[in-house]
Amino acid sequence: MFLLEFFVLVLAVCEAMVGLVRVAYRNLIKRKLRFALTVAGIVVGVALIFSLLSITATAEQVARQQFTRLIGYDIAVINGTLRQGRLQTQRQTTLIGLGAQSLMTEDVVGAMSSIPEVYAVAPVLTVRGTVSGIATTVQGVVFQSYTDLVGNINVVEGEGFSCYDCREVVIGKGLALELNASVGSKLTLSIGNTSVEVVVTGVFETGIRFQEMVVYAPLRFVQEASGLEGYITQVLVKCQDPKSAQAVANAITSMFPELTVVTMAASLQRVEEAINIMTMFFLSIGLVALTAGGFGVMNTMFMAVAERTREIGILKSIGATDSYIFALFLFESALIGLVGSVTGLFVGVFFTRVVPTLISLTGGVSAFGPRLTQNPGGLRLVEVAITPEVVLTSITIGVLVAVVAGLLPSYRAARMKPAEAVRYV
Amino acid sequence: MSSAAIVLLKDVHKTYKYGKSYVRALRGVSLEVSRGSTVCIVGPSGSGKTTLLNIIGGIDLPDSGIVVVDGVEVGKLRGRDLAQYRLRKVGYVFQFYNLIPTLTVWENVELPLSLAGVDRRAREERVRELMDAVGISHLANRTPDTLSGGEQQRVAIARALANGPAVVLMDEPSANIDVDNTLKIMELVERLNKDMKQTFIIATHDPLVARYCATIYKIRDGYIISRYEGRDAVSKALMGEL
């Protein structure tokens, strides 16, 4: 019985709301141009918010993906302090582009491997060098264990090197395109004062151009070429359980207090914090635009209240309550907000998805930069993600701004005295 | 207040402030309206007719005095109670009809019923009945701007009757229509008064309208200066002074 009464009440409320929306809609379309211009203010704001939020949401998504793809390990260990006796000469490290504090001896790898929760450890020696005249980063690794641990090297041509000290390299696709090199090509690799001829055994692809400008070479070979035998710049650690990363990091810190231990969860958190700051920044820009639209709505609603003073008087004279009048005008504001938000959403989608696609289909981005076809590295269009959260946030903000803008005019309408209002001409 | 009186005003005062000056619209007005009667408030422009109707209709409140309509003391009502009073106890037919321009004829008549929360089926039935009664069934889907003055007046009457009010207030019903339409409207009022026992209070300065009233109160400068009861007295009054 109670449920039935409740259902009837809900139906009555819905019906009353439909009636209000209908009246609001008719009043709005009576002045089409003014309605369109007011809506346009909201459209611009919502489109901006939607575009910026979509872009930051996509940036976050891409960053997460890349992070996950790049970072197969749980902990990175680098040397953050100068430790006498662990270095060769300052001159050598300067030549190969390392600060003196970057190096650590290889014996730390064994010590870290002995920590029970550690699953795998990969030493890396990163130095600057050139390949046939092109500046590059050379990473000395034990290819198999490194790729097992990192899991991000997608060799699309040939294969990795299996030796520890041979003169073989795996190069990135970007570099291969720059050098016009492929599997079997012979290149001159220069590290410091040493230049050696190496053979390309594989080409890898990541989809990100700067990552594809890297050369992977056997660890021993890089150590010899750079004159840093026994030294590494980085140790990557994978834990048996990612949840134990912090405990392992603490163990490493207690074993080697001079080393800097970075857990990837913390790094990801920092990236997310940075993106959050960016999101807030963009959101505030969008909100400024939307606020301007909100003032437009307020202006329109004040005008509507002034124009319809007599109508308000009539409604009150025949029994409409203050809350009915308030709701009537607030519904109009909300309707402006809703129409503006939905339209703004479509405009936002157009600018974030359709326009970039159209530009790419025309063969390039000549208006903004080099033509795609002239960019062999491939300017990849990242498809902007449209998430339900962004859609909902944009519409909610748009409607909310319009409703807030409509509060004061609606209140003024509701407070009108019927005797005065009905006399208004 | 006699038992048959549906409207009673006792020593009602109302003063409006316009800038620094004050206008005393009503100065101790007292009157009584019997249930089922048609009463005219007659007087020249600015005599206080509309103010009197507004106070009976709960659109305005008196500064002092007592206003009782169908057992409700109007002067004590505020906010939602006052809105409910306007919705259920009185029906108001304004001088300029005052229909809602964005609503159709049907929706205008339906509006007070919607505000009163009457369910859809009952609403439809009532609107149809009222539109038949005032002869506007064929105008249901028209908007007010497409209607003649007489037609708008009929819609306004139907709207005023929607919630079965104790009293219908009409302000200058002949002000914006020709003689022919005035007669038709007043015949309608007479019929509704007879068939539905509906009480009407009509503010007018038009003798054509006033002759349909059984009681006339003459008002001037905010005072009720005379009262004529019965058709004969009304006729004499109309011939003599109006």
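**Note on a predicted two-chain model**

1. Confidence. Chain B has an average pLDDT of 89, and 97% of the residues score at least 70. The model is predicted, and for the complex the predictor reports an ipTM of 0.90 together with a pTM of 0.69.

2. Where the chains meet. In the contact between the chains, 18 residues of chain A face 20 residues of chain B. On the chain A side, the elements giving two or more residues are α1 (2-30), α10 (309-317) and α13 (418-423). Of these, α1(A) supplies the largest share, seven residues. Sorted by class, this side of chain A has nine nonpolar, five polar and four charged residues.

3. A helix of chain B that reaches chain A. Helix α2 of chain B covers residues 79-88, and its buried residues are L82(B), A83(B), Y85(B), R86(B) and L87(B). What do the buried residues of α2(B) pack against? One partner is α10 of chain A; the others are β5 (72-73), β6 and α3 (105-115) of chain B.

4. The six-stranded sheet of chain B. This sheet is open, its pairing is mixed, and its strands follow the order β6-β7-β8-β3-β9-β10. Which strands stand at the edges? They are β6 (90-93) and β10 (223-229) of chain B, each of which pairs on one side only. On average, neighbouring strands of the sheet are turned by 15° against each other, with direction ignored. As background, strands of a sheet pair through backbone hydrogen bonds, either parallel or antiparallel.

5. Strand β3(B), residues 38-42, and strand β8(B), residues 199-204, are paired in the parallel sense over five bridges. Within this pair, I41(B) is opposite A203(B) of β8(B).

6. A hairpin in chain B. Strands β1 (residues 5-18) and β2 (residues 21-34) of chain B run antiparallel and are joined by eleven bridges. H13(B) has R27(B) of β2(B) opposite. How many residues lie between the strands of this hairpin? There are two residues between β1(B) and β2(B), and G19(B) has a positive phi near 65°.

7. The nonpolar cores. The largest nonpolar core contains 121 residues, and I56(B), L169(B) and I201(B) have the most contacts inside it. Helix α2 of chain A, residues 32-70, gives the most to this core, namely twelve residues. Leaving out residues up to four places away in sequence, I201(B) touches V7(B), V33(B), V39(B), I41(B), L53(B), I56(B), V167(B) and L169(B). One of these, I41(B), is the residue already noted opposite A203(B). Another core, of 52 residues, lies apart from the largest one; among its members are V108(A), Y216(A), V235(A) and I252(A).

8. A covered helix in chain A. Is helix α7 of chain A, residues 219-226, mostly covered or mostly open? The helix is mostly covered, with six of its eight residues buried. The buried residues are L219(A), F221(A), V222(A), Q223(A), A225(A) and S226(A). They pack against strands of chain A: β3 (118-131), β4 (134-141), β7 (186-191), β8 (194-205), β9 (214-218) and β10 (231-232). After α7(A) comes G227(A), which has a positive phi near 75°.

Methods
Residues are numbered from 1 along each chain as its sequence is written. Chains are lettered from A and ligands numbered from 1 in the order in which they are written. This is a predicted model: local features need pLDDT of at least 70, side-chain atom pairs count only at pLDDT 80 or more; totals for chains, interfaces and linings use all residues. A residue is buried if 20 or more other C-beta atoms lie within 10 Å of its own, exposed if 12 or fewer, and partly exposed in between; C-beta atoms are placed from the backbone. Helices (H or I, at least four residues) and strands (E, at least two) are DSSP runs, numbered from the N terminus. Two residues are in contact if their C-beta atoms, placed from the backbone, lie within 7 Å. Ala, Val, Leu, Ile, Met, Phe, Trp, Tyr, Cys and Pro count as nonpolar, Asp, Glu, Lys and Arg as charged, and the others, Gly among them, as polar. pLDDT is the predictor's confidence in each residue, from 0 to 100. Two strands pair if DSSP finds at least two bridges between them. Axes are lines fitted to C-alpha atoms, for helices over the stretch in contact, and angles run from 0 to 180 degrees between N-to-C directions. A nonpolar core is a set of buried Ala, Val, Leu, Ile, Met, Phe, Trp, Tyr and Cys residues joined through C-beta atoms within 7 Å.
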